[in-house]
Every structure is written in structure tokens, then in C-alpha cells.
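Reader: I'd like a close look at the inside of this protein. Please take me through how its parts are packed there, and give me the cut-offs behind the terms as you go.

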Amino acid sequence: MAAKLRWMREALLMAEEAFDALEVPVGSVFVRHGEIIAKCRNRTNELMNATRHAELEAIDEILSRYPPEWGKKFALDPHGCEDNPFKDTTLYVTVEPCIMCGAALRQVGIGRVVFGAGNERFGGNGSVLGCHDDDAILSSPPYEAVGGYYREEAIMLLRRFYLTENSNAPNPRSKARRVLKTQVQPPGVSMHGVNSPAARR
């Protein structure tokens, strides 16, 4: 438990860095054999690329730093490669990986995912789809996913971000009248509140 909290604190620092850079505040830390092998944050606005989520940024970094010797074989069958750098790795991420990232993590053979807040709109580790373990979605071996670590902190960071003005939005909206909600619903209830549209779905 202490190790999970330690690495999640590192992921929260990356999320704070994303917040300061005007990115959706999601941070990730990949840990292998007790050491961080990559830590990244969202960079979608910075790079003007919607795929540059924290998890995919880290996957690219890991593959450049620890390229599997089997190169082409890894690309075709990452689970069959003995030197797969993801096999014994745990990802700590502040928000449940989205469907895109959940599928990518399973494809590269991640060992385990530990997340903070669930992602009820785009979650790929059970909130919307089970990309981590549903064989009807992907045929590659599943990975374990557990959530709830520093959940409230991750939710409050997201709420703070969504109170800020987004100058990159196609139609920027004034948020001057919005108020920061500090009550966090228990797990299983929408992070947006019991009366929100997301909660009524």
C-alpha cells in the first residue's frame, strides 16, 4: 500500500505539471523493479495532437530508452518477447486510462495499472469499456487494473482545471461564474455529482 501511494504522489506531481502547462491534469509514472522508468503528463495542447496522453507519451519514451532486442518481433508480438520492458511494469496514473490508452497498454503488454479517479466518460479500465481484461475487445493477454488511490486529489485537480478559461477551444466560453465544487461523491457515484447528466446516464 505504501509503495502505491508513493508512486501515485509522483503521478500527481506530473498532473500538477500538466495543470501548470494548461493541459488536462493527468500524470503517469511507470515503475519497474522499484524504479521509475518513465514519468509523463498530457501534452495534447502543447503538441496540437489529441493522442498525446500521458500514457502514450510514456510508452514512446520507454521504447526509445529500452528498445526490445527483438525489434520487429516486439512490434508483431510484444507478449512473446522476453525483453518486453512493459511486462514487469506497473503504471500509476491519476485518472483511469481512456479507451485509446487502455487498448494501447494491453497491446504493449503492461503488467498492471493503478489509477486515481475513474473516467466515467472515456474509461478503458472498466468505467466504460474493459480494455484491460475483456477478450471480446482485444485478444492479447489482460492486465490487472485497480483504482481509487488519491482519487479525491485527482478529481479536485480536474475540477480546478475545468474552471480555467481554454483559449485553445474552438468556441471559448467564459467560466467566470463557475464555482469550485469541493464535495467529492463516493466511488460509484459520478464525480460530477448525483444530479449531473453523466450521473443520469
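Author: Happy to; what follows starts with the ground rules and then works through the packing.

This is a predicted model, in which local features need pLDDT of at least 70 and side-chain atom pairs count only at pLDDT 80 or more, while totals for chains, interfaces and linings use all residues. Residues are numbered from 1 along each chain as its sequence is written, and side-chain values use heavy atoms, with hydrogens and water left out.

Let's begin with confidence. pLDDT is the predictor's confidence in each residue, from 0 to 100. The chain has a mean pLDDT of 87, and 82% of its residues reach 70 or more. Residues 194–201 need some care, as pLDDT stays under 50 there. For that stretch the model has 13 contacts beyond four places in sequence, where contact means heavy atoms within 4.5 Å.

Now to the inside. A residue is called buried under 20% relative accessible area, exposed over 50%, and partly exposed in between (1.4 Å probe, protein chains only). A nonpolar core is a set of buried Ala, Val, Leu, Ile, Met, Phe, Trp, Tyr and Cys residues joined through side-chain atoms within 4.5 Å. The largest such core has 26 residues, and those with the most contacts inside it are Phe30, Ile59, Phe86, Leu91, Leu105, Ile110 and Val113. Two or more residues of this core come from each of β2 (35–41), α3 (54–65), β3 (89–95), α5 (99–108) and β4 (112–117). Helices (H or I, at least four residues) and strands (E, at least two) are DSSP runs, numbered from the N terminus. The element that gives the most to this core is α3, with 5 residues. Apart from this core lies another, of 8 residues, including Trp7, Met8, Tyr92 and Val114.

Not counting residues up to four places away in sequence, Phe86 touches Phe30, Ile59, Ile62, Leu63, Phe74, Val108, Gly109, Ile110 and Gly111.

Strand β3 deserves a look of its own. Two strands pair if DSSP finds at least two bridges between them. β1 and β3 run antiparallel and are joined by 5 bridges, with Arg32 standing opposite Thr89 in β3. β3 and β4 run parallel, again with 5 bridges between them, and Val95 has Ala117 of β4 as its bridge partner.

Within strand β3 you will find Thr94, which is buried at a relative accessible area of 1%. Leaving aside neighbours within four places in sequence, Thr94 is in contact with Met8, Ala11, Leu12, Ala15, Pro25, Val26, Gly27, Gly116, Ala117 and Ala154. Thr94 and Ala15 are 79 residues apart along the chain, yet their C-alpha atoms are separated by 7.2 Å.

Helix α5 comes next. Its buried residues are Cys101, Gly102, Ala104, Leu105, Arg106 and Val108. They pack against β1 (27–32), α3, α4 (72–76), β3 and β4. Just after α5, Gly109 takes a positive phi of about 90 degrees.

Finally, the aromatic rings. Rings of Phe, Tyr and Trp (its six-membered ring) pair if their centres lie within 6.5 Å; planes under 30 degrees apart count as stacked, over 60 as edge-to-face and the rest as tilted. The model has 2 aromatic pairs by this rule. Phe19 and Phe161 make an edge-to-face pair, at 6.5 Å centre to centre and 70 degrees between the planes. Because Phe19 lies in helix α1 (residues 2–20) and Phe161 in helix α6 (residues 151–162), the pair ties together parts that are 142 residues apart in sequence. Phe19 is buried at 16% relative accessibility, and Phe161 is buried at 10%. Phe161 also forms an edge-to-face pair with Tyr162, at 5.1 Å centre to centre and 75 degrees between the planes. Tyr162 is partly exposed, with a relative accessible area of 41%. Phe19, Phe161 and Tyr162 form one aromatic cluster.
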